[in-house]
Number of protein chains: 2
Amino acid sequence: MPPDLPAVIPIDDPDDPRIEPYRDVRERDLVGRDGLFIAEGAVVVRGLVQSTRHRTLSLLLADKRVAAMAPLLAQVPTGTPVYSAAQAVLDRIAGFPLHRGILALGARGVQPAAGDLLAACGPVARVVMLFGIGNHDNMGGIFRNAAAFGADAVILDPGCCDPLYRKAIRVSVGAALLVPTARLAADEDALALLDRHGFEAVALSPGGAETLAALAPPRRAALLFGSEGPGLPAALLARARSVRIPMAGSFDSLNVATTSGIVLHHIASGQAA
Amino acid sequence: MPPDLPAVIPIDDPDDPRIEPYRDVRERDLVGRDGLFIAEGAVVVRGLVQSTRHRTLSLLLADKRVAAMAPLLAQVPTGTPVYSAAQAVLDRIAGFPLHRGILALGARGVQPAAGDLLAACGPVARVVMLFGIGNHDNMGGIFRNAAAFGADAVILDPGCCDPLYRKAIRVSVGAALLVPTARLAADEDALALLDRHGFEAVALSPGGAETLAALAPPRRAALLFGSEGPGLPAALLARARSVRIPMAGSFDSLNVATTSGIVLHHIASGQAA
């Protein structure tokens, strides 16, 4: 192996204490990791390694994948342990068949305040603001769309789940590591905050007053989404500009991640025009 | 129980031969069911019971849910067996914890030919045409969007997975049972078929010649989507009008179900305007 690649540390024993944070990945998901998180798959791990916000603490690879990962390993900061194990050992460490064959342990960076993210936006900007999104697939899907349409930030209310949960990161294809993210305080007035920073709040709701297609995108747009069941809080809807996506017949509603894609596309193409 | 409700047949033994089709649901998913399929959850089972295309062969409910299901049971055709079991028995039958507490066994209706579905469309119409979509989540998500935006049909190429797979039906929130569906024959020329029926083919591709936002929706639009990796077949892209959704920076692509939602929204709102 060329000298610019990190030495790969072989692991033969699934109980080796050095790979303890990778043990029983799924069970750990359920209890949380206190500032640490797991990235899986080549694309997502690359996103972590390249992240300026989060720190890569170690990597764990199937030994058959080490050679193909050389370009990625070359980017790993000096001193970051890279472990490798036979597939069977890896599966026993993770607690399930780890087909992707690559995991990394990350340390969460300090999260900026929502106001700081808004203040840093340019004169044409779009941010996504989420209320009570508790499903990790939806969270991941929304981040993927936010990245695809160049959202400046995703801001979460206290009721949202963690975008750095393993599955959310994976569904986001790494976007959860990439898009600037902040979380509102429990008593923070989201609309007052947006107003203070010159953002117009556009609240998505099946009962919205105007249609999305007819909406001329604000230059600084904050796009507000609630969870699929309850939607956005009524108190918030009453104070914001509300927009609906007309639907056919009796069909009740779109998936919230899909909705975010539709809205971001409309806003991004309108802002670019 | 009022006389207009079917008699509910109690099941105490997980090995009772009457509920054999419900046994080990997940393993059965993998081998296919030869014209039969499983619907799960109240919304999806209601969709099956109300379907004019597919037939409900039986229902299996957690006994604690029977009372709440009375409105649905009243719609079940006379002679359709409705079984109930204690939650623990139900879990043993299904082979996993069946939180939704309601399953139904359906028999697939005869699928119309793609040409017949196209011929039945009105002067303003939109159909979705899929090539090589192999992921059941994506298939379900596309059907959900097709229903939400009133697509007249979804037409599948031979490389697509089955929309009546249990998970695809569930993700579609029952739309897979609702939206008219056809499958192309292996040697069928999709573009010639669309042309014959007066449909303009709009092929989605990251390298598309025009942007979606600038596309004036055809009155009879066929929206073509390929799978996330390979995309649409090159031979097809070369002959169709190709459209792209511009994306930010280095982010590579949208999820195909999200893409279908974005495109259907643009086409449906444009056709309605």
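Predicted model: local features only at pLDDT ≥ 70, side-chain atom pairs only at ≥ 80, totals over all residues.
**Entry 1: how the copies are arranged.**

I then looked up which residues meet, taking contact to mean heavy atoms within 4.5 Å, and found 26 residues of chain A in contact with 26 residues of chain B. Of the interface residues of chain A, 100% are also interface residues in chain B, so the copies meet through the same surface.

**Entry 2: polar links across the surface.** I counted 6 residue pairs in polar contact between chain A and chain B, both residues being at pLDDT 80 or more. A polar contact is a pair of N or O atoms within 3.5 Å; within protein, one must be able to donate a hydrogen and the other to accept it, and residues adjacent in sequence count only if both atoms are side-chain atoms. On the chain A side, helix 6 (136-148), helix 8 (175-178) and helix 11 (256-272) each supply at least two residues that touch chain B, and helix 11 of chain A gives the most, with 5 residues. Helices (H or I, at least four residues) and strands (E, at least two) are DSSP runs, numbered from the N terminus.

How many salt bridges lie between chain A and chain B? I found 2, where a salt bridge is a side-chain nitrogen of Lys or Arg within 4 Å of a carboxyl oxygen of Asp or Glu. Glu228(B) and Arg144(A) meet through their side chains at 2.9 Å, N to O. Glu228(B) lies in the loop between strand 11 (220-226) and helix 10 (234-237) of chain B and Arg144(A) in helix 6 of chain A, so the pair joins two chains. At 8% relative accessibility Arg144(A) counts as buried, whereas Glu228(B), at 33%, counts as partly exposed; buried means under 20% relative accessible area, exposed over 50%, and partly exposed in between (1.4 Å probe, protein chains only). Arg144(B) forms a salt bridge with Glu228(A), the closest N and O atoms being 2.9 Å apart.

**Entry 3: helix 6 of chain B.** I checked the length of this helix, whose 13 residues (136-148) should span 18 Å at 1.5 Å a residue, and the end C-alpha atoms are 18 Å apart, which agrees; the expected span is 1.5 Å times one less than the number of residues. Helix 6 of chain B is mostly covered, with 12 of its 13 residues buried, among them Met139(B), Ile142(B), Phe143(B) and Arg144(B). At the N-terminal end Asn135(B) caps the helix, with a side-chain oxygen 2.8 Å from the backbone nitrogen of Asp137(B). Just after the helix, Gly150(B) takes a positive phi of about 60 degrees.

**Entry 4: Cys121(A).** I found Cys121(A) in the loop between helix 5 (114-119) and strand 6 (125-131) of chain A, and it is buried, with a relative accessible area of 11%. Leaving aside neighbours within four places in sequence, Cys121(A) is in contact with Val127(A), Asp152(A), Phe199(A) and Arg220(A). Cys121(A) and Arg220(A) are 99 residues apart in sequence and 8.5 Å apart in space, C-alpha to C-alpha.

**Entry 5: other salt bridges.** Over all chains the count comes to 18 salt bridges. In chain B, Arg18(B) and Asp16(B) meet at 2.9 Å, N to O; Arg18(B) is partly exposed at 43%, whereas Asp16(B) is buried at 11%. In chain A, Glu40(A), Arg166(A) and Arg170(A) are linked in a network of salt bridges.

How values were computed: Residues numbered from 1 in each chain as written. Chains lettered and ligands numbered in written order. Heavy atoms only, no water.
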